[in-house]
Amino acid sequence: MGLDHASLDEEIQSELGFHIEQRVDRLVAEGLNRQEAESKVRRQFGSVAAARKECRRQLQPVRRREYLGAPGRLVRHATASLRRAPAYTLTIILLATLGLGLTSSVLGWYHSYLIEPLPYPNADRLMRVDRSAPGTEGVPEAPDVPGGLNRIAWPAQDQLIEALVAWEFDDFALVGGDLPERVDGIWVTPGYFTAHGIQPTVGRSFSQQDVALGGDVVVLGHRLWQRRFGSDPAVIGRRILAYATDRPDEANSFTVIGVLPESYWSLTGESDLLLPMKGTRRPSMVLAAPGVTPAQMSEHLTAYTRDHLTTDPDWRMHVEPAQETYVRPVKPALTLLLVTGFVVLAVVVGNVTVLVLVRSIRKERDVAVRRALGAGEGRVMAGWLAEAVVLTVPAAVAALALAYSVNRFSTDIVERYLQVAIPGGAIAGLSTSAAAVTLA
């Protein structure tokens with residue numbers, strides 16, 4: 001309900017008079033004479049006319065108060081108040097921007113490496129396989145590992161294995177064309193394409209039949225296809241001549257059957273030539289069937305090994321998620337960095353809190369006047385909340401922009417320092433979760 005103009009003025013005058021009189025009586029009780037007390041109270045209180053005007057504005061009915069009017073007015077009042085304290089406002093925004101920006105940047109790195117899954121359709125079922133003697137799980141070339149692992153006829157797939165992956169790196173020299181060129185190659189089993197969900201840009205991947213027919217086919221990496229063959233789709237079916245650099249007398253002719261997609265990223269690093277592996281080799285990775293755990297896969301491969309080799313009964317094949325093995329080298333550094341980022345954020349929050357408390361003390365008189373004139377606790381708190389919004393929203397937006405810029409331009413540096421590429425080969429950006437934490 002609203003008040004008519006006369007009644008409103010009368011109520012304001014009564015409230016102001018009561019508030020001033022109470023302060024005067026308190027000072028008189030403390031020993032001042034009444035004239036001195038009234039003079040001191042009026043100096044402390046400020047302009048009565050200005051207070052009356054403010055009270056009238058606060059108490060008059062406002063259309064749509066319950067909806068957009070009250071929040072909009074609170075934000076305008078908070079903006080005007082902060083504009084009168086530029087040093088305080090800029091200090092808060094700068095501190096919040098730096099603290100939130102650093103934390104958001106660290107969250108971006110943490111998410112890119114440790115939370116974002118590997119860029120494969122079934123990344124949660126992709127598992128790395130290592131040879132392990134008792135007490136040496138995951139240690140390459142550990143002692144007491146049985147020989148003959150590469151001579152076993154490993155299954156391409158079975159009830160637990162959807163695709164078995166083995167690989168072996170090699171350096172090649174491409175001859176023919178204008179100039180010979182050294183390129184990176186990798187011999188892989190056909191399961192390599194299945195496990196990674198690779199669909200060639202043009203052509204196809206190779207199959208078990210390609211291996212059985214002698215393995216004289218090749219899939220080109222996308223960069224090599226662009227650089228040496230001008231992105232020509234007609235390269236499919238073309239014969240290319242290459243030889244391994246450590247076997248210069250064994251030049252081989254390969255038929256191009258496919259080209260990797262540009263977006264493809266490999267755990268094994270980028271390769272220019274993918275060739276079908278000849279013979280057998282122990283698995284480096286498996287794509288497990290749905291529902292199969294690393295422990296079950298370890299038992300399965302261990303039993304299969306014992307069926308084909310004489311091994312120590314305590315010896316096991318060691319299996320764990322591919323994601324975990326890939327990011328393990330960087331996890332301690334990123335965890336420490338994340339903790340450091342939150343510590344810095346806590347320090348920033350502490351400094352901001354002190355500044356806000358100092359400002360609240362300085363504004364105590366204004367708050368007391370508003371309470372004496374009828375403003376409730378909710379309205380006073382709404383004013384403080386409006387100031388917080390006006391300060392933190394631009395700071396959060398600036399922090400996100402700062403974090404995105406820092407991560408974008410420092411990706412190469414961080415990858416060289418950690419010596420592990422970001423899964424997917426992307427630039428470290430800001431995840432939705434990192435942005436949500438920053439805004440919160």
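**Entry 1: aromatic rings**

I started with two residues, Phe172 and Trp187, and found both buried. I'm working from a predicted model here, so I keep that in mind throughout. Phe172 and Trp187 make a tilted aromatic pair, with 5.9 Å from centre to centre and 50 degrees between the planes. I looked up where they sit: Phe172 is in strand β3 (residues 167–175) and Trp187 in strand β4 (residues 181–188), so 15 residues separate them and the pair links distant parts of the chain.

Phe193 belongs to helix α6 (residues 191–196), while Phe206 is in the loop between β5 (202–203) and α7 (208–212). That puts them 13 residues apart, another link between distant parts of the chain. I checked burial too, and both Phe193 and Phe206 are buried.

How many aromatic pairs does the structure hold? I get 6. I also wrote down one aromatic cluster, formed by Tyr120, Trp265 and Tyr326.

**Entry 2: the cores**

I went to the largest nonpolar core, which has 39 residues. The members that touch the most others are Tyr113, Tyr120, Leu126, Tyr192, Phe193, Leu267 and Leu334.

The biggest giver is α5, with 6 residues.

Setting aside neighbours within four places in sequence, I find Tyr192 in contact with Leu164, Val165, Trp167, Ile198, Tyr264, Ser266, Thr268 and Leu274.

There is also a second, separate core of 21 residues. A general reminder to myself: in soluble globular proteins, nonpolar side chains tend to be buried together.

**Entry 3: salt bridges**

I count 10 salt bridges. Glu162 bridges to Arg125, with the closest N and O atoms 3.0 Å apart. Glu162 is in strand β2 (residues 161–165) and Arg125 in the loop between α5 (86–115) and β1 (126–132), so the two are 37 residues apart.

Then I looked at Asp216 and Arg239, whose side chains meet at 3.6 Å, N to O. Asp216 is in the loop between α7 and β6 (217–220), and Arg239 is in strand β7, 23 residues away. Asp216 is partly exposed with a relative accessible area of 34%, and Arg239 also counts as partly exposed, at 44%.

The side chains of Arg223 and Glu270 form a salt bridge at 2.8 Å, N to O. Arg223 lies in helix α8 and Glu270 in the loop between β8 (252–259) and β9 (273–276), so this pair ties together parts that are 47 residues apart in sequence. Glu270 is partly exposed, at 47% relative accessibility. I also noted a network: Asp171, Arg182 and Asp184 are joined by salt bridges that share partners.

**Entry 4: helix α9**

I checked the length of α9 (residues 294–308). At 1.5 Å a residue, its 15 residues should span 21 Å, and the end C-alpha atoms are 21 Å apart, which agrees.

Which residues of α9 are buried? I find Met297, Ser298, Leu301, Thr302, Tyr304 and Thr305. The spacing makes sense to me, because an α-helix has 3.6 residues a turn and residues three or four places apart point the same way.

Most residues other than glycine have a negative phi, so I looked up two exceptions. Ser231 has a positive phi of about 55 degrees. It is found in the loop between α8 (222–229) and β7 (239–244), and Ser231 is partly exposed, with a relative accessible area of 28%.

Gln419 has a positive phi of about 60 degrees. I place Gln419 in the loop between α13 (377–418) and α14 (432–439). With a relative accessible area of 69%, Gln419 is exposed.

Key. Residues are numbered from 1 along each chain as its sequence is written. This is a predicted model: local features need pLDDT of at least 70, side-chain atom pairs count only at pLDDT 80 or more; totals for chains, interfaces and linings use all residues. Side-chain values use heavy atoms; hydrogens and water are left out. Rings of Phe, Tyr and Trp (its six-membered ring) pair if their centres lie within 6.5 Å; planes under 30 degrees apart count as stacked, over 60 as edge-to-face and the rest as tilted. Helices (H or I, at least four residues) and strands (E, at least two) are DSSP runs, numbered from the N terminus. Buried means under 20% relative accessible area, exposed over 50%, partly exposed in between (1.4 Å probe, protein chains only). A salt bridge is a side-chain nitrogen of Lys or Arg within 4 Å of a carboxyl oxygen of Asp or Glu. The expected span of a helix is 1.5 Å times one less than its number of residues. A nonpolar core is a set of buried Ala, Val, Leu, Ile, Met, Phe, Trp, Tyr and Cys residues joined through side-chain atoms within 4.5 Å. Contact means heavy atoms within 4.5 Å.
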